[in-house]
Amino acid sequence: MHTDILIVGGGASGLAAAVSAKTARPGLAVCVAEKLSRTGKKLLATGNGRCNLMNLASAPARYLGDAGFIAPALEAYIQKYKDFWAGLGLALTEEEEGRVYPATNQASSVLDVLRLALAEKGVTEMCGCEVRSVRPAKDGFLISSSSGEIKARRVILATGGLAGKGLGENDSFRTLLGPLGHRFTDILPGLVCLKTHKEQVKGLKGIRLKGSFSLLDGDRELARETGECLFQEDGVSGIAAMQLSLFAAPLLKAGKTPVLKLSPLPGDARCILQKRQSAFPSRSCGELLTGEVNRMIALAALRRAGISPALCAKDLSASQLSRLAEELSAWRIPVTGTGGMAQAQVMLGGARTDGFDAGTMGSRLVPGLYACGEMLDVAGPCGGFNLEWTWASGMLAGRKAAESL
Ligand SMILES: Cc1cc2nc3c(=O)[nH]c(=O)nc-3n(C[C@H](O)[C@H](O)[C@H](O)COP(=O)(O)OP(=O)(O)OC[C@H]3O[C@@H](n4cnc5c(N)ncnc54)[C@H](O)[C@@H]3O)c2cc1C
């Protein structure tokens, strides 16, 4: 088989690359090789099935990775996204914190409009086709795949990474790019739950806590998130915990123990406790915070402060009250690990971006080869940032590959 442009990987970035390549040069033959039986499997799982496809507050500095590398693709996308999605027929809706979803609230709509565009533009989809190697050859590349040998004048790698289970996770970024001389950064799971010793969160499974959460390296605050955490049997999940995992994973890798700081009692905890002590002097300490804080969290704070729940509130000493206030306003939980790649929403790290041209996504080592999406060392927080990078880098790679022919 021969094609002008072969796109390896039919995920978000590969499909965006295919649409852009065909839009830039409709006469070219463009083919998407996807190892799974259908394209866009992970896309369907995004945003809990709603696909948070971008964020209006995105900027290169919001990402982990080289902001100078991210900027050209992202800025081009920000200028063009309305035309791009409107051109495909996808209506968008904006929600809190700049999160953008399809107006249908269905991730399947995003995939459907992309696939309709591929069919209308005449892109060939080869599903069940796993690419095993890409070798530079005369006038292009020789590609070995499970469907036989493919010749292509340009190749765009859009193979994603190791995050997520059963959604096409893979290490093709290494097996395809490594032999061509590209190098890689450390690979870690990102946007994933935080693990703690079970004892630290005993009895709290299923409780949701809203508020401000910080991640500490010793006494240094590395990141702060306002939002919601959900206690699990052996850790903490929820968007705030997932965001903080971006900072926890590298510390854990370095052998350190990051600390999650929570404030179940926002405001001046000491003052609140004093007021309640004088308002309800005959209540037990176990009941003192009833109506103010989740009961199980209050009991856990008493346990950590070494105060019996049976103690009468009027007998709570000043030092006990201070200890309890500290546990309720600055509760520190050592983080022992993260949920791992299978539960991660994004892979941190990937192909080193200094091996690629930021203005084209083209390889600096192998002319005619491009890469885009999660396989590159670029990752963002929750909120649509990761998909935004995949569209941005995929669109740039597709257009530049087509314009180079
Ligand atoms: C559960 C979940 C929810 C998420 N929700 C959101 C969200 O709401 N918003 C957001 O911004 N981000 C979200 N993300 C992250 C986002 O989905 C990814 O960053 C994005 O899909 C990456 O796109 P990609 O095209 O780079 O890779 P992928 O989507 O992983 O696509 C890569 C494709 O390449 C194929 N492939 C790999 N190797 C080969 C090969 N050798 N030959 C042929 N094909 C190959 C794979 O099968 C796969 O289909 C979520 C992630 C997960 C796991």
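I count two residues as in contact if their C-beta atoms, placed from the backbone, lie within 7 Å. On that basis I looked at contacts in the protein chain between residues at least 6 apart in sequence: 75% of these join residues at least 24 apart. The model is a predicted one.

**Overall layout.** I took the extent of the C-alpha trace along its principal axes and got about 85 × 40 × 35 Å. The protein chain has 405 residues, and 45% of them are buried. I find eleven helices and 19 strands.

**Domains.** I checked the domain assignment next. Domain 1 is made of two segments, 2-189 and 346-403. Domain 2 also has two, 193-258 and 332-338. Domain 3 covers 269-327. I then looked up the C-alpha centres of domain 1 and domain 3, which lie 53 Å apart.

**Ligand shell.** Which residues come nearest to the ligand? I find Gly9, Gly11, Gly160, Gly168 and Gly373, out of 39 residues around it. Helix H1 (12-24), strand E2 (30-34), helix H2 (41-45) and helix H11 (385-403) each give two or more residues to the shell. By class I get 14 nonpolar, 19 polar and six charged residues.

**Helix H9.** I turned to residues 295-305, which form H9. Its buried residues are Ile297, Ala298, Ala300, Ala301 and Leu302. What covers them? I note strand E12 (208-217), helix H8 (285-288), helix H10 (318-329) and strand E16 (331-334) among the covering elements. An α-helix has 3.6 residues a turn, so residues three or four places apart point the same way. After H9 comes Gly306, and its phi is positive, near 70°.

Note on methods
Residues numbered from 1 in each chain as written. Predicted model: local features only at pLDDT ≥ 70, side-chain atom pairs only at ≥ 80, totals over all residues. Near = placed C-beta within 6 Å. Helix = DSSP H or I, 4+ residues; strand = E, 2+ residues; numbered from the N terminus. Nonpolar A, V, L, I, M, F, W, Y, C, P; charged D, E, K, R; others polar. Domains from an automatic or database assignment. Buried ≥ 20, exposed ≤ 12 C-beta atoms within 10 Å, placed from the backbone.
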